[in-house]
Amino acid sequence: MAYNYKLRVKHLVEKAGSSNPAIIAEMLSINIRYVDTPNNINGFWKRILRRKFIFVNERLDEWQRMTVISHELGHILLHPHYHHFCSEGRSYFASSRHENEADNFAMCLMDAYGIDPIYSYAFLQNGWR
C-alpha cells in the first residue's frame, strides 16, 4: 500500500497544532518513556493494558529522540499491529517494507519539525555511536 506521507504528516501537524513529535504523541494519548536501554536499541513501542507507550533510549541526543518517536509514531499510525525492537538502524524480525514506511513517515515529520531528513535517514539506517 502506498502512503502519502507528506499529506498524513500535514494533517497530523494541523490537528496537533505542532510539528513536535512528542506533542503529537501526547495528542494521540501515546505515553513516552525515556529509559535505559542497551546501546543497540534506540526505541520501540508497546501496548500495555490498552495504552500505547513509546520507549526511547535516554542516552540519545534530543533530535535523535524526536526521530525515534517519529519512527515509532509511523508504526503506530501505519501498522498498529506490528511490533519489533529498533536496533542499530534495523530491527529484529522486522519487515523491511514496514521499516521503510516508518522511516519515510519519520523523515516527513522531522522535516516538518525543522530537522533535515538526511540526518534522520542516516540515523535511522545507521544508528548512533
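1. Which residue in S3 does Val-35 stand opposite? It is Asn-57. Please keep in mind throughout that this is a predicted model. Val-35 belongs to strand S1, residues 30-35, and S1 runs parallel to S3, with six bridges joining the two.

2. On to the other partner of this strand. S2 (residues 41-48) is paired with S3 over six bridges, here in the antiparallel sense. To find your place in that pairing, look for Phe-44, which has Phe-55 of S3 opposite. S3 itself spans residues 51-57 and is mostly covered, with five of its seven residues buried.

3. The turn of the hairpin deserves a look. S2 and S3 have two residues between them, and Leu-49 takes a positive phi near 50° there. Arg-50, also in the loop between S2 and S3, has a positive phi as well, near 70°, although Arg-50 is not a glycine. Is Arg-50 buried or exposed? Its relative accessible area is 80%, over the 50% cut-off, so Arg-50 counts as exposed.

4. With a relative accessible area of 57%, Ser-29 is exposed.

5. Now for His-79, in the loop that links helix H3 (62-78) to strand S4 (86-87). Why is His-79 classed as buried? Its relative accessible area is 7%, and the class takes values under 20%, so His-79 falls within it. The side chain of His-79 makes a polar contact with the side chain of Glu-101, at 2.7 Å. Setting aside neighbours within four places in sequence, His-79 is in contact with Tyr-3, Gly-74, His-98, Glu-101 and Ala-102.

6. Last, the helix pair. How do the axes of H4 and H5 cross? Helix H4 (residues 96-113) and helix H5 (residues 117-126) have axes that come within 8 Å and cross at roughly 145°. The crossing of H4 with H5 is right-handed. On the H4 side, the residues that meet H5 are Asp-103, Ala-106, Met-107, Met-110 and Asp-111; on the H5 side they are Pro-117, Ser-120, Tyr-121, Leu-124 and Gln-125. Sorted by class, this contact has six nonpolar, two polar and two charged residues.

Terms used: Residues numbered from 1 in each chain as written. Heavy atoms only, no water. Buried < 20%, exposed > 50% of the residue type's maximum accessible area, 1.4 Å probe, protein only. Helix = DSSP H or I, 4+ residues; strand = E, 2+ residues; numbered from the N terminus. Pairing = 2+ DSSP bridges. Axes fitted to C-alpha atoms, helices over the stretch in contact; angles between N-to-C directions. Left-handed = near helix turned anticlockwise from the far one by under 90°. Contact = heavy atoms within 4.5 Å. Nonpolar A, V, L, I, M, F, W, Y, C, P; charged D, E, K, R; others polar. Polar contact = N/O pair within 3.5 Å; in protein donor to acceptor, adjacent residues only side chain to side chain.
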